[in-house]
Amino acid sequence: MRADGELSREEYQALCKQADDEIARLEQELKALSPAPEPQTVSSDMKAIYDFLSQKVDVHGARLAPELIDQFVEVVTPIADYSYRWKLNTGYKKSKEELTDLMAVSEKPILTFTIDFETAKRYREANKMPHQFRRAAWTDLTVEVYL
């Protein structure tokens with residue numbers, strides 16, 4: 001309308017300012033509705049989860065119960081040879097649009113760990129499993145864990 005001469009420059013600027021003010025107001029309302037968690041809050045939440053699990057579940061043994069893994073690990077996605085991403089089950093059922101594509105994540109994992117030969121060897125010995133693998137043929141496994 002400004003280009004066609006239907007609005008004067010002053011009218012156009014007033015309408016632009018009005019629209020900018022409305023956008024700013026709506027952005028403030030949106031922030032108030034869904035505030036982003038602060039890093040300190042997320043860190044304390046993770047500590048609370050860790051403390052709770054430490055009290056309820058002994059994970060220091062050589063073998064975890066399969067039921068425990070089934071309950072807490074929602075999905076395991078192989079992303080490359082010897083590299084996996086675990087999505088933890090938080091108890092919140094997400095809609096299809098909210099689901100995370102573990103092949104293309106944008107955030108950092110909450111935990112990353114490596115299973116080396118010695119760890120695998122101790123696990124197999126503690127669980128009376130046969131020694132059917134050799135150090136020279138072993139490749140470390142990397143696991144990234146996401147919420």
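Predicted model: local features only at pLDDT ≥ 70, side-chain atom pairs only at ≥ 80, totals over all residues.
Residues are numbered from 1 along each chain as its sequence is written, and side-chain values use heavy atoms, with hydrogens and water left out.

**Exercise 1. Confidence**

Task: find which elements have the lowest and the highest mean pLDDT.

Solution. Start with the whole protein: the mean pLDDT (the predictor's confidence in each residue, from 0 to 100) is 78, and 74% of the residues reach 70 or more. Next, go through the elements, where helices (H or I, at least four residues) and strands (E, at least two) are DSSP runs numbered from the N terminus. Helix H2 (residues 39–56) comes out lowest, with a mean of 67, and helix H1 (residues 9–33) highest, with 88.

**Exercise 2. The sheet**

Solution. S1 (residues 73–80) and S2 are antiparallel, over 6 bridges, while S2 and S4 (residues 141–146) run parallel, joined by 5 bridges.

Lys 87 stands opposite Val 75 and has Tyr 146 as its bridge partner in S4. Tyr 84 stands opposite Pro 78, with Val 143 as its partner in S4. Between S1 and S2 the hairpin has 2 residues, and Tyr 82 takes a positive phi near 65°.

**Exercise 3. Two faces of S2**

Task: sort the residues of S2 (83–88) by face, then look closely at Ser 83.

Solution. Recall that in a regular strand the side chains alternate between the two faces of the sheet. Here the covered face holds Ser 83, Arg 85 and Lys 87, and the uncovered one holds Tyr 84, Trp 86 and Leu 88. Ser 83 has 15% relative accessibility, so it counts as buried (under 20% relative accessible area; exposed is over 50%, partly exposed in between, with a 1.4 Å probe and protein chains only). Leaving out residues up to four places away in sequence, Ser 83 touches Thr 77, Pro 78 and Thr 142, contact being heavy atoms within 4.5 Å.

**Exercise 4. Salt bridges**

Task: locate salt bridges in H1 and one that involves Glu 118.

Solution. The structure holds 5 salt bridges, each a side-chain nitrogen of Lys or Arg within 4 Å of a carboxyl oxygen of Asp or Glu. In H1, Arg 25 and Glu 29 are 4 residues apart, about one turn, and meet at 2.1 Å, N to O. Glu 22, Arg 25 and Glu 29 are linked in a network. Now turn to Glu 118, whose salt bridge with Arg 135 has its closest N and O atoms 2.5 Å apart. Glu 118 lies in H4 and Arg 135 in the loop between H4 and S4, so the pair ties together parts 17 residues apart in sequence. Glu 118 is partly exposed, at 29%, and Arg 135 is exposed, at 51%.

Technical notes:
Pairing = 2+ DSSP bridges.
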